[in-house]
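Hello,

Here is the structure I promised to hand over. Please have a look at it first; my notes on what was found follow below.

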Amino acid sequence: MHSTNYHAAITAAEAASLLSSAEDGALLAGGQTLLPTMKARLAAPSDLVDISRAEELRGISITDGAATIGAMTTHAEVAGHAALRSAFPALCDLAGRIGDPAVRHRGTIGGSLANNDPAACYPAAVLGTGAIISTNTRDIAADDYFQGLFATALDAGEVITSITFPIPRAANYQKFAQPASRFALVGVFVAQFAEGVRVAVTGASEEGVFRWTDAETSLSSDFTADAIGGLSVRSQGMISDLHGDGSYRANLVQVLTARAVAAAS
Amino acid sequence: MSEIKMTVNGKPVGGDVADNMLLVEFIRETLRLTGTHVGCDTSQCGACVVHVDGKAVKSCTMLAAAADGAEVTTIEGVANGGLHPMQKAFNDNHGLQCGFCTPGMIMSGIDMVNRYKAEGKTLDEAAIRHELEGNICRCTGYHNIVKSISQAAGEM
């Protein structure tokens, strides 16, 4: 790892201030992606601003049909939160299958969303529910937030503070794990709301997480696996690698969506 | 450089560390506690698992500076007089071949038993195998590792 300057911030405002005075600073959340990336010398920020212990960015609150999760809440905390599990079990199940137990003790929802790995799980839940990403300066709708591989609407120096999920009537996340990395080879999040159904797909597209709008239309009028039996996803633009080519991933999108609908609760 | 203070295996330790020093480097090279191993150095194998504030983490994927103020337990700190029940179970069941992954297996095993007990859940064989997702044994001796953790779960 190249040398860097470490700073610990205990508030989002302090983190933003430290970042703005750094030459080439980066926020350090749980570090489960950034530190391996730095060790591989694929990233070399001049300064690291550690926000993992900022108490104001931690915790889960559930009010009035919405769940708000602080950006520095770990995957293990989301997976193990009893009130969230009774309100929105699909989100707890998703968090409980990210990485492995030790990674889940450090990795955070804010870190995952800021990184926007094309095979990460949380982007599917955020886009699949139309969640709001709150930062130190504004609120960003999920539909505006994700902008391609590792690209987001965040400005330089902007700090995610919390994520607010509207709680669906029923939802489910189906993850087909890449057997070595345990990232999603394809992951599909399906959420049913009074106003309609949303379907978000991670791991599959070269453009990162996306909504499968054809399936949303069909499922909004008939929320059964049969409703999407005749639909298919174009293999063009799907990721092709040694783990699966584009047509394999495109087929998995349909298969996993059907499974998610059947399992939604 | 950052000045850090933490408690490792019940003893206060500290000093000035480079800002890019990993927790595992502080444990092994500064404290000379070499029971914690570095296998892959890419967050996958789990040989470096220690407990930070009571939770299993991969010490190759955490900065030493980020552990300032923390309570850290390494494999050297789990025995209390006699062997810890998890250590004894690995001994009883021959839960190792070369032994390189064993410190991480034991630290992850203790963590999973503690979590399942706290939540009142049953740690059956399938659960143990799933929980060991982040610990790799390249001798592939998983069967006896699972048996060891299962035995310890009944004794802890």
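**Strands, helices and the chain contact**

In chain A, Ala67 stands opposite A:Phe165, which lies in E8(A). That pair belongs to E5(A) and strand E8 (residues 160–166) of chain A, which run antiparallel and are joined over five bridges. Strands count as paired here if DSSP finds at least two bridges between them; helices (H or I, at least four residues) and strands (E, at least two) are DSSP runs, numbered from the N terminus.

Before going on, a word on conventions: this is a predicted model, in which local features need pLDDT of at least 70 and side-chain atom pairs count only at pLDDT 80 or more, while totals for chains, interfaces and linings use all residues. Residues are numbered from 1 along each chain as its sequence is written, and chains are lettered from A and ligands numbered from 1 in the order in which they are written.

E5 (residues 66–70) of chain A also pairs with strand E4 (residues 60–63) of chain A, again in the antiparallel sense, over four bridges. Here A:Ile60 stands opposite A:Ile69 of E5(A). E4(A) and E5(A) make a hairpin with two residues between them, and A:Asp64 in the turn has a positive phi of about 50°.

Over in chain B, helix H3 (residues 102–119) packs against helix H5 (residues 142–155) at an angle of about 40°, their axes being 10 Å apart. Axes are lines fitted to C-alpha atoms, for helices over the stretch in contact, and angles run from 0 to 180 degrees between N-to-C directions. H3(B) and H5(B) are therefore oblique to each other (under 35 degrees is roughly parallel, over 145 roughly antiparallel, 65 to 115 roughly perpendicular, and the rest oblique). B:Met105, B:Gly109 and B:Val113 of H3(B) make the contact with B:Ile145, B:Ile149, B:Ala152 and B:Ala153 of H5(B); contact means C-beta atoms, placed from the backbone, within 7 Å. By class, this contact has six nonpolar residues, one polar and no charged ones (Ala, Val, Leu, Ile, Met, Phe, Trp, Tyr, Cys and Pro are nonpolar, Asp, Glu, Lys and Arg charged, and the others, Gly among them, polar).

Finally, where do the chains meet? 23 residues of chain B are in contact with 20 residues of chain A. On the chain B side, E4 (55–58) and H3 each supply at least two residues, and the largest share, four residues, comes from E4(B). The residues of that side divide into eight nonpolar, eight polar and seven charged.

Happy exploring!

Key:
Two residues are in contact if their C-beta atoms, placed from the backbone, lie within 7 Å.
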